[in-house]
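This briefing is for a reader meeting the structure for the first time. Please look over the sequence and the model before going on.

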Amino acid sequence: MTTTRDTYIQQLIVLLEDFTQDWDHEFEGRMNAETRLLGDLGFESIDIIQLVVAIEEDISKKKVPFDKLLMKDGRYVDDLTIGGIADFLIAFV
Amino acid sequence: MTTKTLFIGMDGCTFTVLNEMTRDLPGEGVTMPFLAGLMAKGSRANLRSTPNPLTPPAWTSIMTGRGPGQHGVFDFIRAEDKGGEVYWTLYDSRDVDSEMIWSIASRQGKSIAALNFPLTAPPPKDVNGSIVPGFIPAKHLRRNSTPGLFERLKEAIPGFDAKELAWDFDNEKQALEVLNDNDMEQWVRYHLPREEQWFNIAEYILQNDAPDLMAVMFDGTDKIQHQAWQFVDPNLVPAERSEFYNRMRGVCREYFANVDRYIEKLVTMAGPECQVFFASDHGFTATVEVLRINSFLEDLGYLKWAVNDGSEQALRREASDFANLDWSQTTAYCRTPSSNGIHIRQSTKPGEPGIDPKDYIPFRDKLIADLKTLKNDDGEPVIVDVLKREEWFPGQHMERACDLTLVLRDNGFVSIRNIKPAVVKRPNPAGTHHPDGIFMAYGKGIAANGLVDRLDIRDVCPTLLYSLGLPVPSDFEGKAAEPFFTENWLAEHPVKIGRATVGGGEKAKSEDMDDEEKRQIIEQLQMLGYME
């Protein structure tokens, strides 16, 4: 049975494959729940801003409080995984 | 389809330079001969920019026919004072709270193309035509262009290169830095292929789509003038020209000669039935001194700096272009150099730092008086005018404007560095924005009136709509530039005032609901080191 989490992960992978298709990153293979935005896909700050807009336009179809994903215990997280974003969307969309 | 209206934007373009480039100079000849011919056969005016003559608010006024108080765009970044912290976000097209010309023309059956204009990303969905936004990094240009357009351009245009075309944050930061000779020359050269890329796209779209309104903006003018003003200002020509001066002057002229070639090609392709307009968002001039405004406000007792513990993070924060202050002890401060303004902090509840709102007017009057006392070493007043926001930014977004906007004697932008003294002379004059840009017209129905009285930046949008044969929306603040047109043309095509624009003011109504969104973007910037 496909869970909501799986659905979000698939949607995020489709979005991210399009998002990064002409980037120079060295990532090879299939993206999955463990794929990291900074560590694997070479994201920078401006890319995160653009991705938030893309998620809100393509997936959530509304504004989402991404601060709750990006901050943990008053500190900014070092990286994000696709699975982590999916979990966040389950909780806040 | 035939293009009715060709609009060529030239960021920061000024007649101070254009007049030189279009006349025969000893040893140089005419750098822009085609434009010289157009100017001789057309009409032109100085164009008064927005009260703070800056790219985002000014181009947004050009695209909406309204001032910043109405359209809501004031700066590159947007800040919210939250009584303890200031939150920052980047402005984008979703922040523009007045209908843009691209939508106004599209919903009345016209097709458009808008190339390299700021505040057009993400592209509005209700547009009939092509948008490739300006000020967007190469990695995000495809998704921020009209769907399918990027791929089409990539396939059709030989040499198409998004990296060469697009905004590069690391490179653009150099615009306001002090560069060595070699870097300065490279900076100017960097813009030559960039502009060629935008021209290639414009040529392709004009050739293949011939939209009713064809608009392209060249922004190298602004960038080059920031760094190389001393090589293009006729008032700063040295008595003896050094080899470096001649080389820099040469590469600047090469840029303007290229732009002349682009103009010639586009105007010729558009044909004799087309009306052609040129406008800049602001002009340019020389700034000769630096005003460290927050340092001066500290002297006056209005602000305290944040404690700098000497850590790498603190030093980086201090050197950034965002004010780094002790918010508990600050009542008036400047957030960013580009704002050229001062925010007054008002306490919204007991115990919150800031002045009591009932003291606002006397506090502000005293602050204005204090600001006007500042003199440079030669005894000249540094701040020549202080603009109150309700007088200069009326509209639904007035409260986003700085409480006070400063006009400096040399039109310079302030520094917000924590350095003394508050005013110093620059070692060399540098380029800065002048409130008067350019507005020019040429073509069928355009009079050969030469220079006419100064027009307002909000007049550009209604003039372009009029040229397209469309009515001017009743809620515009600007009006069609009738002095540009022949009497016959005006008699046969009277200016019509039509229905109000659509969709404006919606963001002002929903402002309170967006706090979460604002915070999240700020935190993203912070997380990845854009901001501390």
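Predicted model: local features only at pLDDT ≥ 70, side-chain atom pairs only at ≥ 80, totals over all residues.

Why is helix α11 (residues 220–228) of chain B largely enclosed by the rest of the structure? The reason is burial: eight of the nine residues of this helix are buried, so the rest of the structure largely encloses it.

**Helix α11 of chain B**
- The buried residues of α11(B) are G220(B), T221(B), D222(B), K223(B), I224(B), Q225(B), Q227(B) and A228(B).
- The helices that these buried residues pack against are α10 (181–208) and α12 (243–270) of chain B.
- They also pack against strands of chain B, namely β1 (5–10), β7 (213–218), β9 (283–291) and β14 (423–434).

**Build of chain B**
- Chain B has 532 residues, and 49% of them count as buried.
- Its secondary structure consists of 20 helices and 18 strands.
- Among contacts in chain B with a separation of 6 or more, 71% join residues 24 or more positions apart.

**Domains of chain B**
- In the domain assignment, domain 1 of chain B is made up of 5–64 + 106–282 + 445–501, while domain 2 of chain B covers 289–431.
- Taken over C-alpha atoms, the centres of the two domains are 32 Å apart.
- Eight residues from domain 1 of chain B and twelve residues from domain 2 of chain B take part in the contact between them.
- On the domain 1 side of chain B, the residues touching domain 2 are four nonpolar and four polar, with no charged residues.

**Confidence in chain B**
- Chain B has a mean pLDDT of 90, with 89% of its residues at 70 or more.
- Residues 82–87 of chain B have a pLDDT below 50, and in the model this stretch makes 16 contacts beyond near neighbours in sequence.
- Residues 517–532 of chain B also have a pLDDT below 50, and this stretch has 46 contacts in the model beyond near neighbours in sequence.

**Confidence in chain A and the complex**
- For chain A the average pLDDT is 86, and 92% of the residues score at least 70.
- Among the elements of chain A, helix α1 (residues 4–19) has the highest mean pLDDT, at 95.
- The lowest mean pLDDT among the elements of chain A, 56, belongs to strand β2 (residues 75–76).
- For the complex, the predictor gives an ipTM of 0.82 and a pTM of 0.89.

Terms used:
Residues numbered from 1 in each chain as written. Chains lettered and ligands numbered in written order. Domains from an automatic or database assignment. Contact = placed C-beta atoms within 7 Å. Nonpolar A, V, L, I, M, F, W, Y, C, P; charged D, E, K, R; others polar. Buried ≥ 20, exposed ≤ 12 C-beta atoms within 10 Å, placed from the backbone. Helix = DSSP H or I, 4+ residues; strand = E, 2+ residues; numbered from the N terminus. pLDDT = per-residue confidence, 0-100.
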